[in-house]
Each structure stands twice: as structure tokens, then as C-alpha cells.
Amino acid sequence: MQNIISLFEYQFFQNALMAAILTSALAALIGTYIVSRKVVFISGGITHASFGGIGMAYFFGLNPFLGAVVFAIGASLGIEWISTRGKMREDSAIAILWSLGMALGIIFVFLTPGYTPNLMSFLFGSILSVGMADILVLAVVLVVTSLFFIILYRPVVDTAFDPEFARTRGVPVTFIRNSMAILVAVAIVLSIRVMGIILVLSIFTIPQNTALLFYGKFSGIIKGSVLFGISGSILGLIAASAFDIPGSAAIIFMLTLQFLISKTIVLIKKRNQSRM
Amino acid sequence: MSKPLVSIQNLSAGYNGTPVLKNVNLDIHPNDFLGVIGPNGGGKTTLSKVLLGILNPLSGKVSFPAGRPNIGYLPQVSQIDHSFPVSVKDVILSGMARPKTWWKSLSKENKAKADYLIYKTGLSGLGNRPVGQLSGGQFQRALLARAIINDPQLLVLDEPDTFVDRSFEKELYALLEDLNQTMAIFLISHDIGTISSMVKTIACVNGTLHYHPSNVLTADVLKVYNCPIDLIAHGPVPHRVLKDHE
């Protein structure tokens, strides 16, 4: 116990904690949209496509984060375009973007002369090396995303629920969907820093599904996801430091544990109710 | 006669450049109650999407001689995600959005109106439930309330009776007749029995549109219009279809 408390005195741990909280809050908002619209697979495609941008940025000596953002937004808008135009099978298009992004990333990382970045940290995240700059960017994006949700809450939900009807009511559906596609892409790329490409979808889906056990409305799922996401990632971070295991993996374990415990509680409650 | 709400001339419409509908001419006047029948794939829904402005015509003209009307829309219920996390009341309120004020928050009057429509469509007590907990018929009624909350001048209904249970059927038809006092109704249906008894005029849509300025349908009429639909209605008295309701 003493060890855990003393953890909080280290700067690297404080940074990791801040990053975990901010990332969880951002993923709670964006993940609610992803899960409600049933576009988890699309988000997987965006995530993996962004690796192409990371590889290219390394090769050309640019900021890998910027490369990832450009690729992720491109993939996100591209999939949005394909799904509205319907000229190609959407799931196949996603799979192609998914693997092409990974392929480009690996090709460019290998072609980069001299120092090659640690692939593991991209694939599985590196929460304990998060710096102050990362935290600032996360905070700014979280504020922008929150404002977008607060100001345009109804149009965002209405458009996600039934875009065709929203269009008949004069809601600018294309603007809302493209703005959301960009916010989704940016949120995913920022979360890769903490969770890694392979594990990042977990924080966009597990807390939301735990929240869905208790809430039936979009706003409720956001609230629940913030709660479960933040508590799960703090617990995961502490476990990671205590047992010296990777932070991202420990966070996923804790999020899933929350889900399973919640699911059990709900099932027991239901059984008791039906007995009465 | 008053100016038509919508005037369609020589319309051809479809998807990816391939027309589903050709040479369609149709005027819809205030207080019309038009029943739209026709086989699957004949273009009924396509025509409704052109009316609503969510599908651009391939050629021809859709004009609004009295200005662009406010149109309420009930889509086919199977097209909508029934498990989306949204409450009945919020679904109904989404019908309040208007072109220039879509981003504004909703007033107390709006919310009171939603409550009234919840009552009116037989959904009392279900307003705060997520739509996932509703039956198909209840969900459809919530979507009907969403279509009419903004007092449209034209109401487009795509198969409003697919799920509606017998217990609510009568209320639904009474409600539509009541709404028809203040708005034109464009109703797509498979159930000719109900259509014939409620509507004022009939359009058969099968690649093109044949207008029938009465609500009496006979086998001969359908034959002339090349409208291969089953005349056996699903109602309890099938041959009422053939009767004159004058």
C-alpha cells in the first residue's frame, strides 16, 4: 500500500495518470458515438491506417503524430465517403485500408536509415513515457470535442440515429458526419500514444458496453463511460506499476473486469426480480 | 383550385444513374390524401425520397408553387436502428428541427407537445424509455409522432401499418383522418383494404405513375394501370376493397 501511495510522488506517474484520465474522458465521448452507430470496425480501420502515416513521417523526418493524424483523417473521411456513395463494399474497403496502412507503416519504418523507432511502443502504447506536451494536446482536443458535443448534442444524436430523417428536417448531416469523422480520427490517434494501435479500440468500446448495462440513452452512456473509463484506467495504471506489466494491457484487463462484474450484478438483479 | 404544394413534371429518378421511375407527373394539393400502391421495387419509396429532397431527380422537375412546404416523414421502420440508445421522447423531439434553427435547443412548449403526442399515439408512460424496449408497433408510432410534431403541410408515410397492432389500427386511421384536415398525406401501403377506405385518390407506381382520381379500386383498374398487386386485402372483410365508399 505504501508503495502505491509513493508512486503518486513521481513525475512520470503523475503524467501517466493525467494522460490516462484525459484519454479515457475523450474515448468516453467518441466511443459512445462509435458504439451507438455500430461503427467499431470502421474505427479499427482508421486506427491501423494511421500507422502508415507514422511510418511515412519517420521516413521524411516529420512529427509521427502529425503523420498519423493526416492518415487517420484521410481514412475516416474516405470510409464516410464510401459508405454514403455506396460504390464499394464498405467492410472490404475498411479491411483494405486497415492492412494497407500497416503495410505502408512497416515499409517506411524499415526504409528509414539509422535509428528505427521502437515498434512495440506504437503497437502496445507507452503510457509511462508520456510528456507534458502530450498532455497539453490531449487537454485541448478534449475541450474542443466536449464543446462540439455540448453545443451540437441534439444534431449529433439525431444524425447518428437516422441521418436520412435528419436531412429532411434541414440538419446539415454531411457537415455533422464529417466533423465527427475528423474528431473520431483525432481521438483515436491521440489515444494510440497511451494504448497502442492494437489495443486502442478497447477504451472506445469496453466502458461504453459497461455503461449500456445501466443506461439506455446516449447522454447516459457518455456519463457511464467517463466513470468506468477513468476508474478502469486509474486502476489499470496502478496495477501496471505494482506488478511491472505494460500499462495498456493492465487497463484493458481492469476495464473488462468492470464489465464482467457489472454484467453479473445486472444478471443477479434480474433473476431476483423475476423470482418475486 | 388552390396552388399545389408539390408539382412533379416529367420526373425520372433512380440510383447510380439507373432510373427506377420514368415520366412521372403528379400534383399534390393541400388536404389531398393520396394512397400510393404498387409492387416492390416499383419506385414508391424512390418517389417519396424525391418529394422529401433527399434524392435528386435524374431529370424532370419538382417544384413547390406555394413555397417549399414543411414535410413530415415516417420512413419504413425496418430502415431504422431499433437498438440505438435514444429515448422515445428524444426521437419525437428530433422532428422539431428546422433548416435555420437546427442547432437551437428546444423550448418547453416543444417538450409539452412531445408529451401530448406520446399520449396521442398510445405511448403514455413510455416517453423516457429507450426505443430498444419498444415493440415494433410502438416504435413505429414513436416515428409517426416524430413525423407530425412540427405540424407539416405534407405528411409522407412509408408503410405506416407494417407493425401496427390491430388494437391501435383504428386509432391510427382516426388520427390520420384528423391530420388530413390540416395537411396533405402521401401514404405508401401494401394493404389495399385500408388504403381504399381512407384515401381520397390513388396512385399506382410501377416504373411510372398512374393517377386514379378516386378511392375505388377494382381488378380492372389495376389491370389498366399495369399494377400487379394482390387484390386480396389483409383486413377482416377483404371485398370491402371493391366497394364504393361514396
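Leaving aside neighbours within four places in sequence, A:Ile222 touches A:Ala28, A:Leu29 and A:Thr32. The structure is a predicted model.

- A:Ile222 is located in helix H12 of chain A.
- Because 25 other C-beta atoms lie within 10 Å of A:Ile222, this residue is buried; the cut-off for that class is 20 or more.
- A:Gln208 is 14 residues from A:Ile222 in sequence, and their C-alpha atoms are 7.5 Å apart in space.

**Helix H8 of chain A**

- Helix H8 of chain A spans residues 153-161 and is mostly covered, with 8 of its 9 residues buried.
- The buried residues of H8(A) are A:Arg154, A:Pro155, A:Val156, A:Val157, A:Asp158, A:Thr159, A:Ala160 and A:Phe161.
- The cover over these buried residues includes five helices of chain A, namely H2 (11-36), H7 (132-151), H9 (163-168), H10 and H12 (218-243).

**The largest nonpolar core**

- The largest nonpolar core comprises 145 residues, and A:Ala72, B:Ile185 and B:Phe186 have the most contacts inside it.
- Helix H10 (residues 173-195) of chain A contributes the largest share of this core, 15 residues.
- Both domain 1 (1-69 + 153-246) and domain 2 (80-152) of chain B give residues to the core, so the core lies between them.
- Apart from neighbours within four places in sequence, B:Phe186 is in contact with B:Ile28, B:Leu34, B:Val36, B:Ser48, B:Leu51, B:Leu154, B:Leu155, B:Val156 and B:Leu157.

**Domains of chain B**

- Chain B is divided into two parts, domain 1 (1-69 + 153-246) and domain 2 (80-152).
- Their contact draws 12 residues from domain 1 of chain B and 10 residues from domain 2 of chain B.
- On the side of domain 1 that touches domain 2 in chain B, strand S6 (154-158) and helix H5 (166-179) of chain B each supply at least two residues.
- H5(B) gives the most to that side of domain 1 of chain B, with 4 residues.
- By class, the residues on that side of domain 1 of chain B are 9 nonpolar, 1 polar and 2 charged.

**The open sheet of chain B**

- In chain B, 3 strands form an open sheet with antiparallel pairing, in the order S2-S1-S4.
- Strand S2 (18-28) and strand S4 (59-63) of chain B are the edge strands, each pairing on one side only.
- Direction ignored, neighbouring strands of the sheet are turned by 30° against each other on average.
- Strand S1 (residues 6-15) of chain B is joined to S2(B) by 7 bridges, and the two strands run antiparallel.
- Within this pairing, B:Gly14 has B:Pro19 of S2(B) as its bridge partner.
- Helix H1 (residues 44-52) of chain B lies across S1, S2 and S4 of chain B, and H1(B) runs at about 120° to S1(B).

**Contact between the chains**

- The contact between chains involves 21 residues from chain B and 19 residues from chain A.
- The side of chain B that touches chain A consists of 14 nonpolar, 5 polar and 2 charged residues.

Conventions
Residues are numbered from 1 along each chain as its sequence is written. Chains are lettered from A and ligands numbered from 1 in the order in which they are written. This is a predicted model: local features need pLDDT of at least 70, side-chain atom pairs count only at pLDDT 80 or more; totals for chains, interfaces and linings use all residues. A nonpolar core is a set of buried Ala, Val, Leu, Ile, Met, Phe, Trp, Tyr and Cys residues joined through C-beta atoms within 7 Å. A residue is buried if 20 or more other C-beta atoms lie within 10 Å of its own, exposed if 12 or fewer, and partly exposed in between; C-beta atoms are placed from the backbone. Domain bounds come from an automatic or database domain assignment. Two residues are in contact if their C-beta atoms, placed from the backbone, lie within 7 Å. Ala, Val, Leu, Ile, Met, Phe, Trp, Tyr, Cys and Pro count as nonpolar, Asp, Glu, Lys and Arg as charged, and the others, Gly among them, as polar. Two strands pair if DSSP finds at least two bridges between them. Axes are lines fitted to C-alpha atoms, for helices over the stretch in contact, and angles run from 0 to 180 degrees between N-to-C directions.
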